[in-house]
Amino acid sequence: EYQGKSMRYYTLKKMLLIPQKTGKLYVEPMDMEMVVSVPTGRYDFFGHPQTRSVNARYTSNRKLIQVKDLPSQGKPADFSGAVGNFDLSVTTSKANLKANESTQVNVKVSGKGNLKLFDLPELQVPAELEVYTPERKQSIQHTYNGLSGYISDNYSIVPEYKGKYIIPAIQFTYFNPTDKKYYTKSSDEIILHIEGGKEFPGDSKDTFVNKHMVVNKGENFKYISTETQFTKEKTKDFLGSKWYYSLILLSLISIPLGVIIKKKRDKNLSDVESLKSRKADKLAKKYLTEAKKKIQHKEAFYIALEKAMHNFLKAVLKVETSDISQENIAKMLQERHISENTIKELNEVWNDCNLARYAPTSMQKMKASYDLAKNVISTINTQIR
């Protein structure tokens, strides 16, 4: 029920929001244009009420989200912003290996929460072991209840000297919003047993290589010769050589060649508008090819058309998908001196894509949407600064 009346409803979109700052945050209103069937007051031969289709525009309310700050009391010093419910695991592919043989140590945090918004703890490795930049892996599912899955860093470690090495335990701290407490997970230390290879050049108390003072015996530089014999290198004068005449000939040829190139360049520059137009047409064809292939299928066509417009705007405005909304794009295009009429046509294309999913349309309308999108891409590409 809505305002005391029974209604039918349809969920258009659901979004998962993760606030990254505290205080009052607002979700701006959603504005939609819909095709609505309105009774005409007439009835057909069988007594069914007749209707007509009209365009109607609706706007939602502005939503306030109040974001609380994380409690400062009891916050550990190593807290990196993880909020949710997580587990920490640190595993190795093998703990017994030979010198110069590699092993992998995997640091993995799994669970439910803001998995993309915090740093994994770093693995601390003894200096005697060679460790490489970790490989980041992740598997994250987006659900209506939040993000879930895991992120991990996989370290490759190669020992050079034999012996026993201890990789210290690491800790990971997160805040659980359910019970409003901080938790710290700790891993077990890993002991690597290295067989074969060289002895580490140092004792248990000193991990540095033993150094010996250089003793001067009076013969250290005996191998240096004290007499020299120089021979004059045979050279020819540059003046009158082959290189001399070649450079003169090259300079004589380059003058008329430069004049020809300049004339051609001036001619091309004089036709800048035509060049921009040709490039714009190629660009429109590049992005809209997939949509044109699916023009016989309404939903597939409009999905491909919307995707083509998104990809074009991402490329020309250098923005991410998360920044693409009608308000943001309109503002960016205005800042780049795109005409209001072109921005209006772009909004028409987006409205066509939204409306066509939930309302009937015709092949003529689909072709008109395609032509309008092609014109918008070409116009933006020629006008943008």
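The second largest pocket of this predicted model holds about 760 Å³ of space. Its lining is made up of 25 residues. Pro-19, Lys-68, Leu-70, Val-83 and Pro-177 are the lining residues that lie nearest the centre of the pocket. Two elements give two or more residues each to this lining, namely β7 (103–113) and β10 (146–159). By residue class, the lining of the second largest pocket comprises 12 nonpolar, 8 polar and 5 charged residues.

Tyr-10 is placed in the segment before β1 (23–27). The relative accessible area of Tyr-10 is 62%. Tyr-10 therefore counts as exposed, since the cut-off for that class is over 50%.

Charged side chains were examined next. Side chains of opposite charge can pair when their charged atoms come close. The model contains 8 salt bridges. One of them joins Arg-57 and Asp-31, with the closest N and O atoms 2.8 Å apart. This pair links distant parts of the chain. Arg-57 belongs to strand β3 (residues 49–59), and Asp-31 to strand β2 (residues 31–43). The two residues are 26 residues apart. Asp-31 has a relative accessibility of 31%, so this residue is classed as partly exposed.

A further salt bridge is formed by Glu-101 and Lys-94. Here the closest N and O atoms are 2.4 Å apart. Both partners fall into the partly exposed class: Glu-101 has a relative accessible area of 27%, and Lys-94 has a relative accessibility of 32%.

Glu-290 and Lys-294 also form a salt bridge, and their closest N and O atoms are 3.4 Å apart. Glu-290 is partly exposed at 40% relative accessibility. Lys-294 is likewise partly exposed, with a relative accessible area of 31%. Elsewhere, salt bridges that share partners join Asp-31, Glu-33 and Arg-57 into one network. The Arg-57 to Asp-31 salt bridge described above involves two of the residues named in that network.

Gly-196 is found in the loop between β14 (190–195) and α1 (242–270). Its relative accessible area is 40%, so Gly-196 counts as partly exposed. Along the chain, Gly-196 and Leu-97 are 99 residues apart.

Ile-295 lies in the loop between α2 (272–293) and α3 (298–317). At 14% relative accessibility, Ile-295 falls under the 20% cut-off and is therefore buried. Ile-295 and Tyr-370 are 75 residues apart in sequence. Their C-alpha atoms are 8.7 Å apart in space.

Technical notes:
Residues are numbered from 1 along each chain as its sequence is written. This is a predicted model: local features need pLDDT of at least 70, side-chain atom pairs count only at pLDDT 80 or more; totals for chains, interfaces and linings use all residues. Side-chain values use heavy atoms; hydrogens and water are left out. On a 1 Å grid over the protein atoms alone, a cavity is a set of points where a 1.4 Å probe fits but cannot get out, and a pocket is an open set with protein on both sides within 12 Å along at least five of seven lines; lining residues have an atom within 4 Å of a point. Grid points are joined across faces, edges and corners, and a volume is the space filled by probe spheres set on the points. Helices (H or I, at least four residues) and strands (E, at least two) are DSSP runs, numbered from the N terminus. Ala, Val, Leu, Ile, Met, Phe, Trp, Tyr, Cys and Pro count as nonpolar, Asp, Glu, Lys and Arg as charged, and the others, Gly among them, as polar. Buried means under 20% relative accessible area, exposed over 50%, partly exposed in between (1.4 Å probe, protein chains only). A salt bridge is a side-chain nitrogen of Lys or Arg within 4 Å of a carboxyl oxygen of Asp or Glu.
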